Amino acid sequence: MSTQGQFRKVTTKTLLVMKQKGIKIAALTAYDYITAKLLDQAGIDLQLVGDSLSNVFQGNETTLPVTMDEMIYHTKAVTKGIQRSMVIVDLPFMSYQLSVDEAFRNAGRIMKETSAGGVKLEGGEQYAETVKKISDAGIPVLGHIGLTPQSIHQFGSYRERGKTEEEAAQIMKDAKVLEEAGAFAVVLEKIPAALAKKITESLTIPTIGIGAGIHCDGQILVISDMLGLNKDFHPRFVRYYANLADEIDKGIRQYVEDVRKRDFPNESESY
Ligand code: KIV
């Protein structure tokens, strides 16, 4: 079901009402103006300026290198393309881990310097105070638990989380703590569908899943993955909705050929 026209600008309240009404939230990442505009026009409810831009835009192996300045630069471009979607920005690695005050300052910086609608941070219980301080100041906070890519060096792999009873219990606890601390929603990444269902049913705030099954209140994917731009990365939770890598390859090859054989530009393409 499309929510276009039903709601104007998407806010935390909109997302909550969507959960209450059983309308699924459609979210994607965005890192630039043109893409953000297309996603907005196509009915995406939430656009995340994810720190995944470190991987897919900057070509880094992990999300760790991206900086606050770079997140702000991309967010400024994204928000210029938006009329309806809510824009959330990832707090990058080491922008919130140092102290509650440092996290608060950086969340505030994002809100002062961009037109974003809130921030996201990875982690549960250990960031309860941070989430509370930021959200008490009127800055919407999206939690992110399960697989947390910024902790790659602690876990050593991007494997599914929450498979053991102990891990599942901690993820459930993290979700509860984030809700109590004031998070407006929580991303559940790469956890069993049954666990995501339990969490979704026990929270009043929406859950947005990535590799977390059908029962979440919404779904999010990385834009370049779902458009088939990055053929080297195809985990089972990514469905290809387009095959842009092949389309782009075809178009570029045709262009090279046309230039070489003096077919481009023709008379009507010239002045
Ligand atoms: O950075 C990102 O793209 C994310 C999504 C995968 C949820 O955190």
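The legends below describe close-up views of a predicted model, going from its domains to the contact between them and then to the ligand site.

View 1. Four residues from domain 1 and four residues from domain 2 take part in the contact.

**View 2. The area buried between domain 1 and domain 2.** The size of an interface is often given as the accessible area lost when the parts come together. Between domain 1 and domain 2 about 320 Å² is buried, and 61% of this area lies on carbon and sulfur atoms. On the side of domain 1, the residues that lose the most area to domain 2 are Leu227, Leu229 and Lys231, which together account for 87% of what that side buries.

**View 3. Polar and charged pairing across the domain interface.** One salt bridge is counted between domain 1 and domain 2. Lys231 forms a salt bridge with Asp246, and the closest N and O atoms of this pair are 3.4 Å apart. Three residue pairs, with both residues at pLDDT 80 or more, are found in polar contact across the interface of domain 1 and domain 2. The side of domain 1 that touches domain 2 consists of two nonpolar residues, one polar residue and one charged residue.

**View 4. The surroundings of the ligand.** Around the ligand stand Thr29, Leu48, Gly50, Asp51, Ser52, Asp90, Lys120, His144, Ile210 and Val222. For Ser52, a side-chain N or O atom is 2.5 Å from an oxygen atom of the ligand, while for Lys120 the corresponding distance from a ligand oxygen atom to a side-chain N or O atom is 2.9 Å. In the case of Asp90, a side-chain N or O atom is 3.1 Å from an oxygen atom of the ligand. The ligand taken alone exposes 260 Å², of which the protein buries 95%.

How values were computed: Residues numbered from 1 in each chain as written. Predicted model: local features only at pLDDT ≥ 70, side-chain atom pairs only at ≥ 80, totals over all residues. Heavy atoms only, no water. Contact = heavy atoms within 4.5 Å. Buried area = accessible area lost by both parts, 1.4 Å probe. Salt bridge = Lys/Arg side-chain N within 4 Å of Asp/Glu carboxyl O. Polar contact = N/O pair within 3.5 Å; in protein donor to acceptor, adjacent residues only side chain to side chain. Nonpolar A, V, L, I, M, F, W, Y, C, P; charged D, E, K, R; others polar. Near = heavy atom within 4 Å. Areas by Shrake-Rupley, 256 points an atom, 1.4 Å probe, with all protein chains shown as cover.
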